[in-house]
Protein chains: 2
Amino acid sequence: MYGVIMAGGSGTRFWPRSRSDRAKQFLSLYGKHSLIQSTLLRFSHLVPWDRIYIVSNRAQKKMVTEHCLNVPRDNLLFEPLSKNTAVCIGLAAVHILENDPDAVLAVSPSDHLVLDKKKFKDTITAAAHFAEESRSLVTIGILPSRPATGYGYIQTGEEIAYRSSVQVFRVKTFAEKPNLATAEMFLKSGDFLWNSGIFVFRADVYLAALEEHLPDTHDGLRKIQAAIGSVRYEDVLQRVYRQIRGVSVDYGVMEHARSVLTVRGNFLWNDLGSWEQVYLLGKKDKDGNSAHGNAVFVNSRNAYVYSSKGVVGIVGLEDVVVIQDGGAVLVCKREEAENVKLLVEKMKRANMEKYL
Amino acid sequence: MYGVIMAGGSGTRFWPRSRSDRAKQFLSLYGKHSLIQSTLLRFSHLVPWDRIYIVSNRAQKKMVTEHCLNVPRDNLLFEPLSKNTAVCIGLAAVHILENDPDAVLAVSPSDHLVLDKKKFKDTITAAAHFAEESRSLVTIGILPSRPATGYGYIQTGEEIAYRSSVQVFRVKTFAEKPNLATAEMFLKSGDFLWNSGIFVFRADVYLAALEEHLPDTHDGLRKIQAAIGSVRYEDVLQRVYRQIRGVSVDYGVMEHARSVLTVRGNFLWNDLGSWEQVYLLGKKDKDGNSAHGNAVFVNSRNAYVYSSKGVVGIVGLEDVVVIQDGGAVLVCKREEAENVKLLVEKMKRANMEKYL
């Protein structure tokens with residue numbers, strides 16, 4: 001088995017902590033490690049360090065190199081530009097296939113939170129078993145704990161007998177992010193799981209699925225594969241990426257594939273999609289306030305403060321997020337935390353790139 | 001006539017712009033000049049620069065000297081420590097009396113806002129006329145425009161005939177800061193004015209009033225007066241200030257004095273008591289937002305932002321004040337702007353003096 005960590009994201013919802021040169025995966029949003037470092041540590045319990053691959057893009061090369069010191073340099077793959085997950089996984093697949101035609105890939109985002117390494121390991125091990133045995137594409141589904149509207153869902157079909165501690169199902173359908181009423185129905189029905197974005201499959205099975213459902217992507221990746229180790233590699237990579245269509249592995253592959261299984265993960269998982277999730281997961285004082293750095297609260301409740309230096313004082317407010325970092329300040333109603341991306345877009349239009 | 005500007009305040013309600021070494025009067029809260037500079041400019045239309053005296057305290061000597069370059073150095077009086085307004089005015093009075101036994105003092109806080117210099121001049125000129133003619137203590141009352149609960153009020157009695165453009169009344173009572181219901185009654189009655197803290201009287205009349213109502217204060221000030229110009233001055237000043245009781249001119253003198261008049265000022269006056277007042281007076285965009293420095297608003301209304309550098313982004317909030325200055329950030333519900341002082345007290349208790 002190989003770990004493939006997708007680290008090309010450039011999320012803007014954690015501004016001003018995330019910046020153009022410091023994407024979300026490089027932030028310590030939970031615990032002392034950056035999210036990508038926590039992901040690597042998690043995978044290091046599953047596979048040796050030299051079987052972990054990182055796929056990122058050139059703009060993030062410096063940060064990736066700094067955060068992934070234990071990963072061999074040759075395993076750091078940098079796309080010329082991001083073309084979404086189907087291509088990103090494909091690039092890792094062709095590189096790994098060159099050395100190991102029987103490779104099984106455990107693919108994961110670099111910027112999500114997973115607690116309980118033991119359960120995670122059991123889940124991935126089960127997924128690898130089925131990826132090998134049935135040559136299926138296996139996705140990790142998470143037992144939902146609330147009617148989340150920010151996640152995609154997986155509807156489970158027939159359960160496949162395995163060990164008592166791990167449940168495995170055929171996938172009936174993938175459902176896009178639902179509205180609240182639908183999410184509540186999903187939760188009630190008991191046969192919907194959150195789509196975690198973690199996948200396990202044989203590299204050759206994945207490429208065969210690409211060949212069937214995204215033939216142009218497959219052809220491009222095979223051209224790159226043919227150039228690995230040659231002086232032409234950079235040129236070919238550039239050329240293919242310029243032409244290749246960006247598409248996600250969910251829409252481009254998983255939804256069309258014939259044999260898709262899901263292993264139900266019972267570990268705590270959170271995509272840390274916004275400051276709201278970070279607040280919800282963090283420690284609070286008796287007034288529900290959560291502070292990192294110097295913060296002082298007066299008549300205030302259920303607030304999240306991050307202050308990289310100096311001090312933040314809050315008076316008479318509830319349910320706010322206040323972030324002070326690098327000369328920029330964000331003040332946001334917690335329930336509007338998703339709209340930080342709108343703020344970043346507005347700043348771009350206002351020629352404020354230097355603060356992004 | 002002489003101008004006496006009281007500049008010893010150390011207001012904490014404008015933190016983090018006001019700091020222990022930069023009190024409110026040194027901030028530019030309206031227009032480009034600091035409040036003390038605006039006050040000086042206003043008085044420079046009434047009296048020559050060498051008839052303007054500043055009373056502040058030693059801790060603020062550097063800032064006073066920087067902001068009051070047009071005032072002769074000898075006219076800058078620094079109290080060893082602040083002992084409230086009755087004493088502060090008394091110190092200026094004994095200094096001015098040494099040179100001019102007929103001096104009329106126009107006494108004013110240094111940190112309030114007055115718009116319309118012409119009306120201000122007419123009001124003070126009328127007050128000086130009555131201060132001379134009737135040897136009264138004259139206070140400037142402001143026609144209330146709203147049922148403010150943050151100001152003291154003056155109840156007017158019999159009107160005294162003067163010029164058509166200026167109304168002068170005997171003072172019936174001084175009323176402390178009312179609750180809202182009382183303030184509404186005051187406004188409705190038509191015979192209450194806001195107590196502006198601006199006074200006009202002969203220096204000798206003021207000292208006679210001190211002798212009658214605050215004899216210890218009077219005796220102390222006379223000791224200081226006797227030492228002016230001698231090598232003993234500093235010693236005497238220290239000794240008197242260590243013993244003298246701090247009391248305001250309102251409670252200590254005006255409320256007990258027999259002949260008190262009030263001149264009704266029709267100029268726009270505001271004590272700039274909190275960020276809320278600064279917001280209300282400032283320019284707003286179509287969403288009611290007011291920004292100084294870089295600020296970006298998403299789904300936000302009626303907010304006030306001051307950012308000394310960098311940028312402040314606001315998402316999904318209404319009626320907030322956000323101040324970024326000198327590494328500190330204040331986020332405050334507008335209606336709780338008065339409670340910034342509680343925040344400062346809390347920071348003191350938490351040993352955060354370095355941010356104050």
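Me: Helices here are DSSP runs of H or I with at least four residues, strands are runs of E with at least two, and both are numbered from the N terminus. On that basis, where is the place of Pro16(B)?

Reply: This is a predicted model, to begin with. Pro16(B) sits in the loop of chain B between β1 (2–6) and α1 (35–44).

Me: And the peptide bond from Trp15(B) to Pro16(B), cis or trans?

Reply: Cis, with omega near 5°. Most peptide bonds are trans.

Me: What joins Trp15(A) and Pro16(A)?

Reply: A cis peptide bond, with omega about 5°. Pro16(A) is in the loop between β1 (2–6) and α1 (35–44) of chain A.

Me: How many residues does the contact take from chain A and from chain B?

Reply: 33 from chain A and 33 from chain B.

Me: Switching to domains. What does the domain assignment give for chain A?

Reply: Domain 1 covers 2–270 and domain 2 covers 275–355. Their centres, taken over C-alpha atoms, are 30 Å apart.

Me: How many residues are in contact between domain 1 and domain 2 of chain A?

Reply: 10 from domain 1 of chain A and 15 from domain 2 of chain A. The domain 1 side of that contact has 6 nonpolar, 2 polar and 2 charged residues.

Me: Where does Leu272(A) lie?

Reply: Leu272(A) is in the loop between β11 (268–270) and α10 (275–281) of chain A. Its phi is positive, near 45°, and it is not a glycine. Most residues other than glycine have a negative phi.

Me: Is Leu272(A) buried or exposed?

Reply: Buried, because Leu272(A) has 24 C-beta neighbours inside 10 Å, and the cut-off is 20 or more.

Me: What about the phi of Asn302(B), positive or negative?

Reply: Positive, about 55°. Asn302(B) is in the loop between β13 (295–298) and β14 (304–307) of chain B. Asn302(B) is partly exposed, with 15 other C-beta atoms within 10 Å.

Me: Now the core. Which residues touch the most other members of the largest nonpolar core?

Reply: Leu105(A), Val331(A), Leu105(B), Val322(B) and Val331(B). That core holds 239 residues.

Me: What is Leu105(A) in contact with, leaving aside neighbours within four places in sequence?

Reply: Tyr2(A), Val4(A), Ala92(A), Ala93(A), Ile96(A), Val200(A), Phe201(A), Ala203(A) and Tyr206(A).

Me: Over to chain B. Which helix does Phe43(B) lie in?

Reply: Helix α1 of chain B. Phe43(B) is buried, with 26 other C-beta atoms within 10 Å. Beyond four places in sequence, Phe43(B) touches Gly3(B), Ile5(B) and Ile52(B).

Me: How many residues apart are Phe43(B) and Tyr2(B) in sequence?

Reply: 41 residues apart, yet 9.0 Å from C-alpha to C-alpha.

Me: And where is the place of Trp275(B)?

Reply: In helix α10 (residues 275–281) of chain B. Trp275(B) is buried, with 27 other C-beta atoms within 10 Å.

Me: Last one. What should helix α4 of chain B span?

Reply: 24 Å, because its 17 residues (117–133) count at 1.5 Å a residue. The end C-alpha atoms are 24 Å apart, which agrees.

Me: Which residues of α4(B) are buried?

Reply: Phe120(B), Thr123(B), Ile124(B), Ala126(B), Ala127(B), Ala128(B), Phe130(B) and Ala131(B). After α4(B) comes Arg135(B), with a positive phi near 50°.

Notes
Residues numbered from 1 in each chain as written. Chains lettered and ligands numbered in written order. Predicted model: local features only at pLDDT ≥ 70, side-chain atom pairs only at ≥ 80, totals over all residues. Domains from an automatic or database assignment. Contact = placed C-beta atoms within 7 Å. Nonpolar A, V, L, I, M, F, W, Y, C, P; charged D, E, K, R; others polar. Expected span 1.5 Å × (residues − 1). Buried ≥ 20, exposed ≤ 12 C-beta atoms within 10 Å, placed from the backbone. Core = buried A, V, L, I, M, F, W, Y, C linked by C-beta atoms within 7 Å.
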